[in-house]
Amino acid sequence: LTVLDSMVSNSFKWQYWNPTRLYLDQPTENPGPIHWDVLPLEFNNSFVQLIGESLGQGVFITEKTAKVLFGRRIFIFFGTSGHLQHLKTLGFKTFDGILDESYDNEPDHNKRFEMAWKQVEFLATQDPVEIYQLAKPILDHNYELAKDIKTLMTPAYNFIQNRINSL
């Protein structure tokens, strides 16, 4: 039973939801080593993740996307158009049966962000238990595929790490 399963089974209600900004960058008041592999408690208590990616040329899959795939979270992108489509070409599933993902095709980023935000507003009006049950097969599929991709990357990672250690 995951934290999210437990939260949903305890009938988490949106009226008790307080948006919390999650900072994953270096704290300025206490600089020190960053442990990117340890997520703050707020992540484990989240229902949906709003992912802000760079507005550059092309689509890049970053740790922000990887964290929601491994963390089995519903996600909405605020970044370059085509992000969801790119994930689909890699074999991941998105929430197009649950959310209106037409924002992914909008070339104007201001309009795209407004369209994506409407999905946040939509989720805020829905029963999170029902939404989670609809999303669970997608979340599980994405988690398993992300694990497979990580496994495929392990030899390259080990090679690079060994070379770095030998410097």
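Good morning. Throughout this talk, a contact means that heavy atoms of two residues lie within 4.5 Å. The structure I am presenting is a predicted model.

Glu53 sits in the loop that joins β1, residues 48-52, to α3, residues 63-70. Is Glu53 buried or exposed? Its relative accessible area is 9%, and because the limit for buried is under 20%, Glu53 counts as buried. Which residues does Glu53 touch, once those up to four places away in sequence are set aside? They are Phe60, Thr62, Lys64, Thr65, Phe77, Phe78, Gly79 and His83. With one of these, Thr65, there is also a polar contact between the two side chains, at 3.3 Å. Thr65 itself is among the buried residues of α3, together with Lys67, Val68 and Leu69.

The chain contains six helices and two strands, and their order along the sequence is α-α-β-α-β-α-α-α. It has 167 residues, of which 31% count as buried. The exposed surface comes to about 10,800 Å², and carbon and sulfur atoms supply 56% of that area. If we take the contacts between residues at least 6 apart in sequence, 66% of them join residues at least 24 apart.

I turn next to the interior. In soluble globular proteins, nonpolar side chains tend to be buried together. In this model, the largest nonpolar core has 27 residues, and those with the most contacts inside it are Ile74, Phe75, Ile76 and Phe95. The elements that each give two or more residues to this core are β1, α3, β2 (74-78), α4 (83-89), α5 (109-124) and α6 (128-165). Which element gives the largest share? That element is α6, with seven residues.

Apart from its neighbours within four places in sequence, Phe95 is in contact with Arg73, Ile74, Phe75, Glu101, Ala135, Ile138 and Leu139.

Two further residues belong to the loop between α4 and α5. One of them is Lys93, which is partly exposed at 42% relative accessibility. Beyond four places in sequence, Lys93 touches Phe75, Ile138, His141 and Asn142. The C-alpha atoms of Lys93 and Ala135 are 10.0 Å apart, although 42 residues separate the two along the chain. The other residue in this loop is Gly97. Gly97 is exposed, with a relative accessible area of 75%. Its C-alpha atom is 8.7 Å from that of Leu134, a residue 37 places away along the chain.

I come now to the charged pairs. How many salt bridges does the chain have? The count is five. In one of them, the side chains of Arg72 and Asp140 meet with a nitrogen-to-oxygen distance of 3.4 Å. This pair links distant parts of the chain, since Arg72 lies in the loop between α3 and β2 while Asp140 lies in helix α6, 68 residues away. Both partners are partly exposed: Arg72 has a relative accessibility of 23%, and Asp140 has 26%. Arg72, Asp140 and Lys136 are linked in a network of salt bridges. The backbone of Arg72 is also of note, as this residue follows α3 and has a positive phi, near 55°.

A second salt bridge joins Lys88 to Asp96, with the closest N and O atoms 3.2 Å apart. Lys88 is partly exposed at 33% relative accessibility. A further salt bridge joins Lys147 to Glu144, with a closest N to O distance of 3.3 Å. Here both residues lie in helix α6, three residues apart, which is about one turn of the helix. Lys147 is partly exposed at 31%, and Glu144 is partly exposed at 37%.

I close with the surface. Phe159, Ile160, Ile164 and Leu167 form a nonpolar patch there, and together they have about 480 Å² of accessible area. Leu167 is located in the segment after α6. Why does Leu167 count as exposed? Its relative accessibility is 87%, and the limit for exposed is over 50%.

Thank you for your attention.

Methods: Residues numbered from 1 in each chain as written. Predicted model: local features only at pLDDT ≥ 70, side-chain atom pairs only at ≥ 80, totals over all residues. Heavy atoms only, no water. Helix = DSSP H or I, 4+ residues; strand = E, 2+ residues; numbered from the N terminus. Buried < 20%, exposed > 50% of the residue type's maximum accessible area, 1.4 Å probe, protein only. Areas by Shrake-Rupley, 256 points an atom, 1.4 Å probe, with all protein chains shown as cover. Polar contact = N/O pair within 3.5 Å; in protein donor to acceptor, adjacent residues only side chain to side chain. Core = buried A, V, L, I, M, F, W, Y, C linked by side-chain atoms within 4.5 Å. Patch = residues over 30% accessible without salt bridge, like charges linked within 9 Å, V, L, I, M, F, W, Y side chains within 5 Å. Salt bridge = Lys/Arg side-chain N within 4 Å of Asp/Glu carboxyl O.
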